[in-house]
Amino acid sequence: MDLSNVQSSEIKNLDILAKQVVEGFITGMHKSPFHGFSVEFSEHKLYNKGESTRHIDWKLFAKTEKLYTKKYEEETNLRCHIIIDNSASMHYPIVKKQTLHSLNKVGFSAVAAAALMEIFKKQRDAVGLSIYAASYEYYAPEKGSERHRKMLLHQLEQLLISESNATTDTYKYLHEIAEKIHRRSLIFVFTDMFQTSKDDESLFEALRHLKYNKHEVVLFHTFDGKTELNFNFDNAPKKFVDVETGEEINVYAENVQERYKAIVEGYFKELKNKCLQYQIDYVPVDIRAGFDQILTKYLISRKKFK
């Protein structure tokens with residue numbers, strides 16, 4: 001997608017940016033071999049020869065060279081709930097001014113969530129939002145109105161300018177959120193899986209709790225691939241500080257890079273296997289790899305959700 005005109009600018013209007021991200025994604029899908037999987041949103045259907053041309057979307061035709069007619073369905077098809085971890089570790093890497101090509105983990109999650117909400121709108125899907133860190137910071141139930149979506153966008157915009165030094169008990173807030181979502185929903189969790197007080201088993205028990213009412217859960221394991229996975233730093237001596245515990249260590253990156261990467265890749269594999277065991281859809285998300293990975297996963301999950 002071509003978003004060069006907004007990549008170097010500070011994010012000021014998340015709604016407009018989300019529309020641009022989704023527009024680029026849809027155009028790319030229609031022009032790629034993958035489009036056979038279908039990106040036919042609730043508001044469009046392929047034009048059939050002999051039908052009236054009055055409802056053809058000519059703007060979409062100009063981008064895709066395919067004829068689509070607009071539909072006018074009013075029903076809500078699906079219920080979705082987005083959960084975002086806003087703890088201190090999600091504010092890594094340190095970014096002075098968040099732009100589309102320079103985001104920390106929570107900023108990436110906010111933009112990805114806004115793009116998902118734009119597609120939810122096209123699909124007539126209701127959406128809810130939960131944000132947590134050291135407390136359950138925000139909750140809104142699933143609704144489909146435009147007023148509701150604007151309210152959620154405002155919360156996401158606040159994440160883009162927020163700071164945090166909070167540790168978090170992810171497992172605790174996932175249990176609380178699970179108690180609030182009563183009707184079957186498609187749930188998306190954005191977290192880097194860092195927590196300081198409980199073992200991973202407690203976290204997975206909380207994720208399982210999200211599935212108790214037959215919800216479908218997609219875990220977007222959010223990380224910075226360059227530094228958190230590949231440990232790609234120059235080989236000058238550096239002090240590394242844990243943003244949640246304050247622990248410090250001095251190392252030369254090249255001396256530990258190979259061993260570090262092996263350990264992290266092993267952890268990712270363990271997470272994937274645990275999620276498979278608990279029937280949770282695990283998606284490793286490198287914040288440097290763009291938003292198509294998020295939007296594609298939503299479409300696949302929606303197709304399977306019955």
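Here are some questions and answers about how the labels for this predicted model follow from its values.

Q: Why are helices H4 and H5 called roughly antiparallel?
A: The axes of H4 (residues 105–122) and H5 (residues 146–161) cross at roughly 165°. Angles over 145 degrees count as roughly antiparallel, and H4 and H5 therefore get that label. As for handedness, H4 passes H5 in a left-handed crossing.

Q: How do you know that H4 and H5 meet, and which residues do so?
A: Their axes come within 8 Å, and contact is judged by heavy atoms within 4.5 Å. On the H4 side, the residues that meet H5 include Val 106, Ala 110, Ala 114, Met 117 and Lys 121. Among their partners in H5 are Glu 146, Arg 149, Leu 153, Leu 156 and Leu 160.

Q: What makes up the contact of H4 with H5 in terms of nonpolar, polar and charged residues?
A: The contact divides into eleven nonpolar residues, one polar and four charged. Gly counts as polar, and Gly 107 in H4 is among the residues that meet H5. Glu and Lys count as charged, and H4 brings Glu 118 and Lys 121 to this contact.

Q: Why is Leu 271 called buried?
A: Its relative accessible area is 1%. Buried means under 20%, so Leu 271 qualifies. This residue is found in helix H9 (residues 253–277). Across the chain of 306 residues, 50% count as buried.

Q: How do you know which residues Leu 271 touches beyond its neighbours within four places in sequence?
A: With heavy atoms within 4.5 Å as the test, Leu 271 is in contact with Met 193, Phe 204, His 221 and Tyr 282. Leu 271 and Phe 204 are 67 residues apart along the chain, yet their C-alpha atoms are separated by 9.3 Å.

Q: What makes Phe 120 stand out in the largest nonpolar core?
A: That core has 50 residues, and Phe 120 is one of those touching the most other members, along with Ile 82, Ile 84, Leu 156 and Tyr 298. The largest share of the core, twelve residues, comes from H4. Beyond its neighbours within four places in sequence, Phe 120 is in contact with Cys 80, Ile 82, Asp 125, Val 127, Phe 188 and Tyr 298.

Q: What makes a set of residues a nonpolar core, and which residues does the second one include?
A: Its members are buried residues of the nonpolar core types, joined through side-chain atoms within 4.5 Å. The second, separate core has 28 residues, including Ile 181, Met 193, Phe 204 and Phe 223.

Key. Residues numbered from 1 in each chain as written. Predicted model: local features only at pLDDT ≥ 70, side-chain atom pairs only at ≥ 80, totals over all residues. Heavy atoms only, no water. Axes fitted to C-alpha atoms, helices over the stretch in contact; angles between N-to-C directions. Helix = DSSP H or I, 4+ residues; strand = E, 2+ residues; numbered from the N terminus. Parallel < 35°, antiparallel > 145°, perpendicular 65-115°, else oblique. Left-handed = near helix turned anticlockwise from the far one by under 90°. Buried < 20%, exposed > 50% of the residue type's maximum accessible area, 1.4 Å probe, protein only.
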